[in-house]
Amino acid sequence: MNRQQIIDQIRKKGTFLCVGLDTDIKKIPEHLLTEEDPMFAFNKAIIDATAPYCVAYKPNTAFYESRGTEGWQTLERTVSYLRTNYPDHFIIADAKRGDIGNTSSLYARAFFENMGVDAITVAPYMGFDSVKPFMDYEGKWVILLALTSNPGSRDFQFLTDMTGTRLFEHVLETAQKWGTTENLMFVVGATQGAMFAEVRRVAPRSFLLVPGVGAQGGSLEEVAKWGMTPECGLLVNSSRGIIYASSGTDFADAAAAEARKLRDHMTILLSTYGVI
């Protein structure tokens, strides 16, 4: 999916919501545990319920990898179900990969060729040669960690050099020489608030994947105020706040209600800032 297709979907649906499929076998409703593949049954119901209100899905691969071969098969089934039934939705593998070039090329093959996702999250610490193999795939996206939502983000990401430039700014500046706004996004946590203005100063047109709204307490209003562009430029993720809205048999309906609330809020913000 290219940049313009993402923008078109945002404007058409009045939402920039990404639903995180952080599916934990220990948290899904008990009645699903009798299913042949309980995690897939959960994902399928969540996807069917929330698809009208979002433009993207982001399975966090750790939740699947922790289940071994069975979990990996669930992830593949989930991506295949999205591709077949919801082809207009952007699919992000939240894998946070990043290694020397020949290893990264195999990670890229696994996710882009074999699994068929649109994008993958990548850690920038090892530099250009660890990121380039992911960028060699036409029509695919690298989503580079820049300024994350966790408390530990300040351990390294805010360190400054002798010129006063912070590490996350170096990441933003340098990475834009590796890719373009057509194949490179950045992760910026919703909990960073007004720091979005600093991010936009360095990367004014890049799409940002924004975790941290909902359970982590990030403010959607602040994200839009400081981070929205004339093309939106945002994919705001909510995981636990949507998929675990209920632990009962009404879990899918509850997820739809939470996604709908976020969609309605996003529609107002898109209108307020002149995107739609």
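The structure holds 16 salt bridges. Before I go on, please keep in mind that this is a predicted model.

Side chains of opposite charge can pair when their charged atoms come close. Which residues make up the network of salt bridges I want to show? They are Arg166, Glu169, Glu198 and Arg201.

Take Arg166 to begin with. Its side chain meets that of Glu169 in a salt bridge, at 3.1 Å from N to O. Arg166 also pairs with Glu198, and there the closest N and O atoms are 3.0 Å apart. This second pair links distant parts of the chain: Glu198 sits in helix α9, Arg166 sits in the loop between α7 and α8, and 32 residues separate them.

The other contact of Glu198 is with Arg201, where the closest N and O atoms are 3.4 Å apart. Arg201 and Glu198 are three residues apart in helix α9, so about one helical turn separates them.

Are Arg166 and Glu169 buried or exposed? Arg166 is buried, with a relative accessible area of 18%. Glu169 counts as buried because its relative accessibility is 5%, and the cut-off for buried is under 20%. Glu198, at 26%, counts as partly exposed.

Next, the second largest pocket. It contains about 390 Å³ of space. The elements that give two or more residues to its lining are β5 (141-147), α7 (153-156) and α8 (167-175). Which of these gives the most? That is α8, with six residues.

In total, 19 residues line this pocket, and those nearest its centre are Pro124, Tyr125, Leu145, Leu167 and Val171. Sorted by class, the lining has twelve nonpolar residues, seven polar ones and no charged ones.

Tyr125, one of the residues nearest the centre of that pocket, also belongs to a nonpolar patch on the surface. The patch is formed by Ile100, Tyr125 and Met126, and together they have about 380 Å² of accessible area. Where is Met126? It lies in the loop between β4 (119-122) and α6 (128-135). With a relative accessibility of 41%, Met126 counts as partly exposed.

Lys96 is not a glycine, yet it has a positive phi of about 50 degrees. Lys96 is part of strand β3, which covers residues 90-97, and at 43% relative accessibility it counts as partly exposed.

Cys232 is not a glycine either, and its phi is positive too, at about 85 degrees. Cys232 is found in the loop between α10 (220-227) and β8 (234-238). Its relative accessibility is 0%, so Cys232 counts as buried.

Pro204 is partly exposed, with a relative accessible area of 47%. How far is Pro204 from Ser238 in space? From C-alpha to C-alpha the two are 23 Å apart, and in sequence they are 34 residues apart.

To return to where I began: if you want to find the salt-bridge network on the model, look for Arg166, Glu169, Glu198 and Arg201. That is the end of my part.

How values were computed. Residues are numbered from 1 along each chain as its sequence is written. This is a predicted model: local features need pLDDT of at least 70, side-chain atom pairs count only at pLDDT 80 or more; totals for chains, interfaces and linings use all residues. Side-chain values use heavy atoms; hydrogens and water are left out. Patches are made of residues with over 30% relative accessible area and no salt bridge: like charges are joined within 9 Å, nonpolar side chains (Val, Leu, Ile, Met, Phe, Trp, Tyr) within 5 Å. Accessible areas come from the Shrake-Rupley method with a 1.4 Å probe; for residues, only the protein chains shown count as cover. A salt bridge is a side-chain nitrogen of Lys or Arg within 4 Å of a carboxyl oxygen of Asp or Glu. Helices (H or I, at least four residues) and strands (E, at least two) are DSSP runs, numbered from the N terminus. Buried means under 20% relative accessible area, exposed over 50%, partly exposed in between (1.4 Å probe, protein chains only). On a 1 Å grid over the protein atoms alone, a cavity is a set of points where a 1.4 Å probe fits but cannot get out, and a pocket is an open set with protein on both sides within 12 Å along at least five of seven lines; lining residues have an atom within 4 Å of a point. Grid points are joined across faces, edges and corners, and a volume is the space filled by probe spheres set on the points. Ala, Val, Leu, Ile, Met, Phe, Trp, Tyr, Cys and Pro count as nonpolar, Asp, Glu, Lys and Arg as charged, and the others, Gly among them, as polar.
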